[in-house]
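Please open the model in a viewer and keep the selection panel at hand. The stops below follow the helices, then the sheets, then the domains.

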Amino acid sequence: MDSPDFPAAIRIRDLAKVYAAQGSTPAKHALKGVSFDVPQGQIFGLLGPNGAGKSTLINILAGLVMKTSGSAEIWGFDINEHPRNAKRSIGIVPQEVVFDPFFTPLEVLENTAGFYGVPKAARRSLEILAEVHLGDKANAYARTLSGGMKRRLLIAKALVHQPPVIVLDEPTAGVDVELRRQLWELVSDLNAGGVTVVLTTHYLEEAEQLCDRIAIINHGELIANKPTRELVGMAREKVVVVTLDRDVADLPHHLDFIKAERAGERVIEVTYDKDRTTAGQILAQLQGEGFGIVDVSTREADLEDVFVSLTSAVRVEA
Ligand code: ADP
Ligand code: MG
């Protein structure tokens, strides 16, 4: 896929969505003015807890939910001004698996191709089924497919019109470890083939392993948007737990730790900035103060720590 001369695969500005009140259910401000770009060629993770607004955002891109205000462009096409071109530029894999159980995977893809107006000669249904490892199931009834196969068929369905951007909404929610790994591989392969991928997830590990860039959304607001490595780098704290050879009545002084706490009669837990010191230096300092060291273990902060610290900020519901 050639890169056109605009910077972003998806460009979102001040996007807001208010679901109207219904009966006793009050109006819900699901997106509160979100702006970000998805760079071309990347795997972009939209991370956030349940109810954060991820599906609302995806469904606006898919043309399934009407935005309240703001704008969105897909592959340079504004979703309001050029809805047909915008839709042709994106493949959406929804959160829920829905198929007519009496169609075969091949029929599902052919019907979808017809819906998009892909001419017969340009269709690649069998090729796409092979890509998602369903080549041998082309003519099986959809209802006989396993859960994992159904998910892969859903991905195949999003690929029939060969969009330059594909969006997966929680592709691995409720999926076992083996299938999750298969789906990750599939996403990586698609991306290696030039497709820009956006995926929403509430699994930190998934975002950390798979995504080039991660945006975090919480209560309808964007609270972070950084390359994955930078975001993980925000977790600079490390913890070293040291068991000493005698009781520590008082915490040792003269140590340039961030924080030292007693975790037992002979155990102290030291939290330090790994950019500024090392566990080795801390141990050397303790020995310098006359302590013998019996046991040591360390713990690394990860994306989860960053996530917790970013999402735990107190926010007032609108
Ligand atoms: P996520 O996908 O991150 O879990 P959603 O976008 O599904 O979040 O939901 C965001 C908020 O909007 C939630 O509070 C949810 O209850 C609400 N919401 C989602 N869809 C609707 C709808 N059709 N009508 C009213 N409220 C909705
Ligand atoms: Mg969702």
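Select helix 5 and helix 6 (residues 177–192): they pass each other in a right-handed crossing. Right-handed means that the near helix is turned clockwise from the far one by less than a right angle, and left-handed that it is turned anticlockwise. Helices (H or I, at least four residues) and strands (E, at least two) are DSSP runs, numbered from the N terminus. The model is predicted: local features need pLDDT of at least 70 and side-chain atom pairs pLDDT 80 or more, while totals for chains, interfaces and linings use all residues. Residues are numbered from 1 along each chain as its sequence is written, chains are lettered from A and ligands numbered from 1 in the order in which they are written, and side-chain values use heavy atoms, without hydrogens and water.

The axes of helix 5 and helix 6 come within 10 Å and cross at roughly 15 degrees. Axes here are lines fitted to C-alpha atoms, for helices over the stretch in contact, and angles run from 0 to 180 degrees between N-to-C directions. Helix 5 and helix 6 are therefore roughly parallel (angles under 35 degrees; over 145 is roughly antiparallel, 65 to 115 roughly perpendicular, the rest oblique). Now show the side chains: Gly148, Arg151, Arg152, Ile155 and Leu159 of helix 5 meet Leu179, Gln182, Leu183, Leu186 and Leu190 of helix 6, where contact means heavy atoms within 4.5 Å. By class, this contact has 6 nonpolar, 2 polar and 2 charged residues. Nonpolar covers Ala, Val, Leu, Ile, Met, Phe, Trp, Tyr, Cys and Pro; charged covers Asp, Glu, Lys and Arg; the others, Gly among them, are polar.

Pro105, Val108, Leu109 and Thr112 on helix 3 touch Leu153, Ala156 and Lys157 on helix 5. The residues of this contact divide into 5 nonpolar, 1 polar and 1 charged.

One open sheet has 6 strands in the order 6-7-8-3-9-10, with mixed pairing; two strands pair if DSSP finds at least two bridges between them. Its edges are strand 6 (90–93) and strand 10 (221–227), each of which pairs on one side only. From one strand to the next the twist averages 15 degrees. Zoom in on strand 9 (residues 213–218), which pairs with strand 10 in the antiparallel sense over 6 bridges. There, Asn218 stands opposite Glu221 of strand 10.

Which order do the 4 strands of the antiparallel open sheet follow? The order is 2-1-4-5, with strand 2 (28–39) and strand 5 at the edges. Strand 1 (residues 8–19) pairs with strand 4 (residues 69–74) over 5 bridges, and Ile12 has Ala72 as its bridge partner in strand 4. Strand 4 also pairs with strand 5 (residues 77–78), over 2 bridges, and Glu73 stands opposite Asp78. Select Trp75 in the hairpin of strand 4 and strand 5: the hairpin has 2 residues between the strands, and Trp75 takes a positive phi near 50 degrees. Helix 1 (residues 54–61) lies across strand 1, strand 2 and strand 4, at about 115 degrees to strand 1.

Finally, colour by domain: domain 1 is 1–89 + 165–177 + 196–227 and domain 2 is 237–300, with bounds from an automatic or database domain assignment. Their C-alpha centres lie 44 Å apart.
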